[in-house]
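This report walks through one protein model for a reader who is meeting it for the first time. The sequence and the structure are shown below, and the account follows directly after them.

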Amino acid sequence: MALPLASCAASREDWIPKGRLDTPELQLLTDRTPEATGRIAALLTRGIALYRDLYGDVWDLPQRPPRMTVRLF
């Protein structure tokens with residue numbers, strides 16, 4: 001049985017974040033607790049660093065990647 005697919009694209013009016021966490025790499029807009037948001041930010045930051053270590057030289061990535069906005073809900 002196939003399940004209908006729902007759109008994951010949310011417009012700005014659909015969801016209002018309750019909090020925000022800014023790091024040099026990320027801007028997290030969130031409705032999670034500050035502790036959970038901090039853990040996710042640390043995980044994403046380590047992932048970005050690992051990706052740079054693995055592929056930075058191969059793909060000539062800039063030293064400072066553009067800051068990403070993440071909607072965490």
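## The hairpin and the sheet

Strands β1 and β2 pair in the antiparallel sense, and four bridges hold the pairing in this predicted model. The two strands form a hairpin, with three residues lying between them. Two of the facing positions can be named: Gly-19 has Thr-30 in β2 as its bridge partner, while Asp-22 stands opposite Gln-27 in β2.

## The overall arrangement

The protein has one helix and three strands, and read along the sequence these elements follow the pattern β-β-α-β.

Of the 73 residues in the protein, 19% are buried. Among the contacts between residues at least 6 apart in sequence, 46% join residues at least 24 apart.

## Thr-30, a buried strand residue

Thr-30 is found in strand β2, which covers residues 26-30. Thr-30 counts as buried because its relative accessibility is 3%, and buried here means under 20%. When neighbours within four places in sequence are left aside, Thr-30 is in contact with Trp-15, Pro-17, Lys-18, Gly-19, Arg-20, Thr-37 and Leu-72. One of these contacts, Gly-19, is also the residue whose bridge partner in β2 is Thr-30.

The side chain of Thr-30 also has a polar atom that lies 2.8 Å from the backbone nitrogen of Arg-32.

How many salt bridges does the model contain? The count comes to two, and Asp-22 takes part in both the bridge to Arg-20 and the bridge to Arg-67. In the pair formed with Arg-20, the closest N and O atoms are 3.0 Å apart.

In the pair formed by Asp-22 and Arg-67, the closest N and O atoms are 2.7 Å apart. This pair links distant parts of the chain, 45 residues apart, since Asp-22 is in strand β1 (residues 19-22) and Arg-67 is in the loop between α1 (34-55) and β3 (68-72). Arg-67 counts as partly exposed because its relative accessibility is 44%. Through shared partners, the salt bridges join Arg-20, Asp-22 and Arg-67 into one network.

Is Pro-24 buried or exposed? At 56% relative accessibility, Pro-24 counts as exposed, and its place is in the loop between β1 and β2. Not counting residues up to four places away in sequence, Pro-24 touches Arg-64 and Arg-67. Arg-67 is therefore a contact of Pro-24 as well as a salt-bridge partner of Asp-22, and Arg-67 counts as partly exposed.

A further distance concerns Pro-24 and Pro-66, which are 42 residues apart along the chain and whose C-alpha atoms are separated by 9.4 Å.

## Ala-49 in the helix

Ala-49 lies in helix α1, and it counts as partly exposed because its relative accessibility is 38%. Ala-49 and Glu-25 are 24 residues apart in sequence, and the distance between them in space is 9.8 Å, from C-alpha to C-alpha.

## Confidence in the model

The average pLDDT of the protein is 83, and 82% of the residues score at least 70. Over residues 3-7, however, the pLDDT is below 50, and beyond near neighbours in sequence this stretch has zero contacts in the model.

How values were computed: Residues are numbered from 1 along each chain as its sequence is written. This is a predicted model: local features need pLDDT of at least 70, side-chain atom pairs count only at pLDDT 80 or more; totals for chains, interfaces and linings use all residues. Side-chain values use heavy atoms; hydrogens and water are left out. pLDDT is the predictor's confidence in each residue, from 0 to 100. Contact means heavy atoms within 4.5 Å. Buried means under 20% relative accessible area, exposed over 50%, partly exposed in between (1.4 Å probe, protein chains only). A polar contact is a pair of N or O atoms within 3.5 Å; within protein, one must be able to donate a hydrogen and the other to accept it, and residues adjacent in sequence count only if both atoms are side-chain atoms. A salt bridge is a side-chain nitrogen of Lys or Arg within 4 Å of a carboxyl oxygen of Asp or Glu. Two strands pair if DSSP finds at least two bridges between them.
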